[in-house]
Amino acid sequence: MAAEIFDRLQQILDEIKTASPRNAAEVEQFRIKYLGSKNILKPLMGGIREVANEQKREFGQLINTLKKTAEEKFQSLKTAAEQAAEQADAQQIDLTAPGHPRPLGSRHPISIIMKQIVDIFARIGFTVAEDREIEDDWHNFTAMNTPEDHPARDMQDTFYLKDSTHLLLRTHTSSVQSRVMKNTTPPIRIIAPGRVYRNETISARAHCQFHQVEGLYVDENVSFADMKQTLLYFAQEMYGPDTKIRLRPSYFPFTEPSAEMDVSCFICRGDGCNVCKYTTWVEILGCGMVDPQVLENCGIDSERYSGFAFGMGIERQAMLRYRINDIRLLFENDVRFLRQFTSAL
Ligand code: DAH
């Protein structure tokens, strides 16, 4: 009989040790079963009467071990449950909490102007063409009707690559024209934004690097009137619907005839100011009908196709629009300067 009681107690001890309640309710059941006021041990206590005297001490110790083990197990289960609850709490996401503010940058004024120009031409079917800044002599000059001994090369002081006679930093985005024409059959309608380089002494008005946007339209029957209408559309989108344009005869090796385009002053709107130097006109771009020789140089049949092209500087437009009086500010990346320009993305 006594042996049975010992067996039973041993069995309960094993149960306590292996119990693994999975949640708070099961932990509570464990407590009630082994430690509660009507716990499973109580009815067994009376069994001591049946235990031989020399075993009573052992019986008592076993009961104590059981109680202690149950108590310890319960405590550790409780702590674990509390920690788990705390963790779950911490992980809960409060959807009403304010977000972490992220500092927003702003576009560089050059990028603002360039993007506006590209967007305006994209709306009438021009696609963006980009190409290399390290260009060869042929694409930058020769194909554009400016052979080696041509005096017009002096107009654009060139950085040649060290130890190279034919690799250079492109002096204008017109080099993209020759790249595209060589690889595409008309119709061609491209707009080419990019960085260009000239060996200029850096001052408030000039820099050795700047940006241009080039445009090229080649198809059958493209006329000077098409060019004028396209550029008027551009000027009015860019500078307001009342903007007027004026074309003045000019010279570029790659266009014939060539012109320079002024827009009516977008600052004073005709009253005269120091931006337009009281002329009411502001020069914006160079343009012209693509010289047939340029088409031929790039493998396009000039009997069948004609085209117009234009090129404009970005820094100048940015400086006029934002009244920036020193071009160097545009390349210093001083955030106090850059923070002043905001634009919708
Ligand atoms: N490439 C010229 C420059 O850098 C600008 C230019 C003038 C581009 C007339 C053209 C054009 O495409 O037709 O000064």
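A: A polar contact is a pair of N or O atoms within 3.5 Å; within protein, one must be able to donate a hydrogen and the other to accept it, and residues adjacent in sequence count only if both atoms are side-chain atoms. This is a predicted model, in which local features need pLDDT of at least 70 and side-chain atom pairs count only at pLDDT 80 or more, while totals for chains, interfaces and linings use all residues. Residues are numbered from 1 along each chain as its sequence is written, and side-chain values use heavy atoms, with hydrogens and water left out.

Q177 places a polar side-chain atom 3.1 Å from an oxygen atom of the ligand. For R198, a side-chain N or O atom is 2.8 Å from a ligand oxygen atom; for Q212, the corresponding distance is 2.9 Å. On its own the ligand exposes 350 Å², of which the protein buries 91% (accessible areas by the Shrake-Rupley method with a 1.4 Å probe). Helix 7 (174-183), strand 5 (209-220), strand 8 (281-290) and strand 9 (305-313) each give two or more residues to the shell around the ligand. Helices (H or I, at least four residues) and strands (E, at least two) are DSSP runs, numbered from the N terminus.

There are 16 residues around the ligand, and H172, S174, R198, Q212 and E214 come nearest (a residue is near if one of its heavy atoms lies within 4 Å). By class, the shell holds five nonpolar, nine polar and two charged residues. Here Ala, Val, Leu, Ile, Met, Phe, Trp, Tyr, Cys and Pro count as nonpolar, Asp, Glu, Lys and Arg as charged, and the others, Gly among them, as polar.
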